Amino acid sequence: MADRPESEELVLSFLAEATDEFVSGEAISGKLGFTRAAVWKHVEALRGRGYRIDAMPARGYRLVGVPDRLTALEIRPLLNTHDLGQVVHSYDELTSTNDRAKELADEGAEHGEVVVAEAQTSGRGRRGRTWVSPARKNLYFSVVLRPDLPPARAPELTLVASVAVSEALRQAGVDARIKWPNDLLASGKKIAGILTELAADPDRVEWVVLGVGVNLNARAEDFPADVRGEATSILLERGQPAPRALFAAACFTALEGWLDRHAEGGFAAIREAWRERSATLGREVSVRLDDREIVGTAEDLDETGALLVRTPAGLERILSGEVRLLRPR
Ligand code: BTN
């Protein structure tokens, strides 16, 4: 039947909205207008595609596992977004998802299109660093955004993304905190990072590419020896693997939610959430600036997203720099 895959996707979306909870066959058939027998057939077909779905006579169905692949087929039915991730360009391997997303943006890709890769051969971090990107372990994606913003406000989007990624990590059971501006830390180690690139006219952003890397199922031996002590993953933090497609969908959904709040309410709508999730505020920090290093207490995030650091010489407003947290809490 020509409509079968589409109906399967509908059943899958319905189950995904209630991940880890049972949904009765009656509720699914009532909502989607299928017979109970058709619901059962679609569940069987989904199982054949690698989805793990529990069935219990009096309780219904429960989605407990999705195939460990990151293509539109796995991610889209799990999404709860209007734009973000509705188009997914997926690759087995890329140099960097940011590079591909920038090409697509130049070719006219629309707001919300996402590039995902199973592996990156030249994954890039901030300040010329490498982002370790082993195959099929983690999440590497870049999203094309076309925000209505002057270029000077584009850095706010990186802070928005850090709030969204920390939210997705918390939903996955990891208490992730943000080191200014946008490093995600768990147990004091790096679990995710964000690399933002953009093209702009003097008064208007043309596109922004937000690149996000999240360590999901990497083990210690997947990180090179020189970063092993500073990096962690959901698997290392929780002792159990994260379903990658589910995490990707949760991350895209959180990202769109926070981007929408930012579009409506400006940075004020983000600032408090960033503060709540911060690993930086209240801490002694050293900040490497272009021409010098300062040491002081990270006091606050101002209304533009700049970090305010109290030093013996006064209050410094930091727009860009490398923060090191001093003294463990
Ligand atoms: C950092 O913390 O230094 C930023 C890391 C950003 C890594 C992601 S992985 C997906 C995207 N593609 C890249 O090459 N980099 C970003």
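Is Asp 291 buried or exposed, and what is its relative accessible area?

Author: The model is a predicted one. In it, Asp 291 is exposed, with a relative accessible area of 63%. Its side chain meets that of Arg 292 in a salt bridge, at 3.8 Å from N to O. Arg 292 is partly exposed, its relative accessible area being 39%.

Salt bridges that share partners also build a network, which joins Asp 99, Lys 102, Arg 124 and Glu 197. Within this group, Arg 124 and Glu 197 form a salt bridge whose closest N and O atoms are 3.1 Å apart. Arg 124 belongs to the loop between β4 (114-120) and β5 (139-145), while Glu 197 belongs to strand β8 (residues 189-200), so this pair ties together parts that are 73 residues apart in sequence. Arg 124 counts as partly exposed, at 31% relative accessibility, whereas Glu 197 is buried, with a relative accessible area of 17%.

A further salt bridge links Arg 127 with Glu 322, and here the closest N and O atoms are 3.1 Å apart. Arg 127 lies in the loop between β4 and β5, and Glu 322 in strand β14 (residues 322-325); the pair therefore ties together parts that are 195 residues apart in sequence. Arg 127 is partly exposed, at 46% relative accessibility, but Glu 322 is buried, with a relative accessible area of 15%.

The count for the model comes to 32 salt bridges, including the pairs Asp 291 with Arg 292, Arg 124 with Glu 197, and Arg 127 with Glu 322.

Technical notes:
Residues numbered from 1 in each chain as written. Predicted model: local features only at pLDDT ≥ 70, side-chain atom pairs only at ≥ 80, totals over all residues. Heavy atoms only, no water. Salt bridge = Lys/Arg side-chain N within 4 Å of Asp/Glu carboxyl O. Helix = DSSP H or I, 4+ residues; strand = E, 2+ residues; numbered from the N terminus. Buried < 20%, exposed > 50% of the residue type's maximum accessible area, 1.4 Å probe, protein only.
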